[in-house]
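Subject: Handing over the structure, with notes

Dear colleague,

Please find below the structure that I promised to pass on to you. My notes follow, and I would be glad if you read them with the structure open beside you.

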Amino acid sequence: MAEQIEATTLIEAVQLFLAELEPELKGRRAFHAKVAGNALAIVARELAQQPQAREQALLAGVMGHDAPLDTLRTQMCEQLRAGTMGAATPGLVDALLAVALGKCGVDNPRYATFKRLAV
Amino acid sequence: MAAPQKLPTPEIVSALVGATVTRVEQLSGGASSATFAVDAVTADGAAWPLILQCAATGSVPEGGLPRADQARLQQRAFERGLPVAEVVRVLTPEDGLGEAYVMARLPGEALAPKWLKLPEYAPARAAMTRQCADVLARLHQLPISVADGLALPSGSTAQSLDRMFSNYRRFGVDSPVFDLAFAWLRERVADRPPTNIVHGDFRSGNFLVAPDGLVAVLDWELAHLGDGHEDLGWLCCNSWRFGVWDRPVGGFGQRDELYAAYEAAGGGPVDRERAAFWEVFGTLKWGIACLQLGDDHVSGRLRNVERAAIGRRVSEVELDLMHLFKFGSV
């Protein structure tokens, strides 16, 4: 173990703190505390799953060249807007489905469509 | 953001509705709008439960339906027998409560996850598909002249699609899934002129439901003139099924049943491809709304954890859209 307190440990500690706080809060504050706990869970899953690395590889595969993720996204969107890429582009639908699955798995793995596809 | 309005006290509300008011309690509300429960008593001593809906002046976005017109449309729907809350009073700026109106407070459950899951609402779930079809058929049969004098936004299908694309581009976010969805919609768009009064937000989260069925349709703020099929598609978006994905009509029914009941109630023939078009349109529209809500935080307009977190719901929409494009439906 590199650190005694890893980033994930800090996330868990803050989640614990929020859970302690929640019974003392009411209305909008209590709701926001719950949302904050969920937001930290997203951060923890993103750290563990690193979905952007896979997204970069998948988009590079469809585009046929390597570039940083933001560049690949922008280029693909421009081509989709121009009509030079589309649902018929080889590998595009499968790659975007895999990307979407990776992102939803981080953001909300309880979402029905994720559960349907992630079996 | 406009300055906060004065707070509605029982005295103020009493003067507005012309009856004794014993309680005014804020139910929900944020920076730009608030909902109050009002307990009034009529002259003959009967309880008169009301809702006061307030919004800061200018909180309706440009091109949106002004709140007073929203209330008037709701009242015209009520007068034509649609299940909506009767509007008691539309406030004027001189009343000092912003853009506000008072309506009847009806009994019923508004939280969809409750009425979609609790056993005592089983009869409601069995009845809702037909009831929703009936409401939409009746709404869409109204001549658009019913909205005469009201500033309802209006547009052809192609104009709606163009507006949604401009809205998407405002946020400077590049989502290949969203652009693929725009391409899919552009390939299929038939440029129909507006022919119907469209509710615009007809979904499970906007119904008041009793154990035996639909009580009222809420939230007319997105009403506009357009293609009635838009309401059929929006009702079926996966985002409003609350996990009950195998009942595409709001988490409680099947599309075939909805369409058959809509036709039987006089709504006219349902074009399934057009309904599917609007379902994809609606799914994308919700995704862009998530971008917009996330942008509230990023831009500093309304910085809070709820707005930031909702921005991450974009990925639910992206997954639904990709499921649609890969397997033909979601």
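A cavity, on a 1 Å grid laid over the protein atoms alone, is a set of points where a 1.4 Å probe fits but cannot get out, whereas a pocket is an open set with protein on both sides within 12 Å along at least five of seven lines, and in either case the lining residues have an atom within 4 Å of a point. Grid points are joined across faces, edges and corners, and a volume is the space filled by probe spheres set on the points. Please keep in mind that this is a predicted model, in which local features need pLDDT of at least 70 and side-chain atom pairs count only at pLDDT 80 or more, while totals for chains, interfaces and linings use all residues. Residues are numbered from 1 along each chain as its sequence is written, chains are lettered from A and ligands numbered from 1 in the order in which they are written, and side-chain values use heavy atoms, with hydrogens and water left out.

**The cavity**

How many cavities of 30 Å³ or more are there? The count comes to 1, and the space in this largest cavity is about 40 Å³. Among the residues that line the cavity are Ser156(B), Arg192(B), His224(B), Asp227(B) and Trp278(B). Strand 9 of chain B gives the most to this lining, with 3 residues, and helix 5 (157–169) of chain B also supplies at least two; helices (H or I, at least four residues) and strands (E, at least two) are DSSP runs, numbered from the N terminus. By kind, the lining residues divide into 3 nonpolar, 6 polar and 3 charged, where Ala, Val, Leu, Ile, Met, Phe, Trp, Tyr, Cys and Pro count as nonpolar, Asp, Glu, Lys and Arg as charged, and the others, Gly among them, as polar.

**Where the chains meet**

The contact between the chains (heavy atoms within 4.5 Å) takes 34 residues from chain A and 29 residues from chain B. The area buried between them is about 2900 Å², of which carbon and sulfur atoms give 68%; buried area is the accessible area (1.4 Å probe) that two parts lose on being put together, summed over both. In chain A, Arg81(A), Tyr111(A) and Arg116(A) lose the most area to chain B, together 23% of what that side buries.

Between chain A and chain B there are 6 salt bridges, each being a side-chain nitrogen of Lys or Arg within 4 Å of a carboxyl oxygen of Asp or Glu. Which residues of chain A form salt bridges with Arg312(B)? One is Asp107(A), at 2.7 Å from N to O, and another is Glu46(A), with the closest N and O atoms 2.9 Å apart. The pair with Glu46(A) runs from the loop between helix 10 and helix 11 of chain B, where Arg312(B) lies, to helix 2 of chain A.

With best wishes
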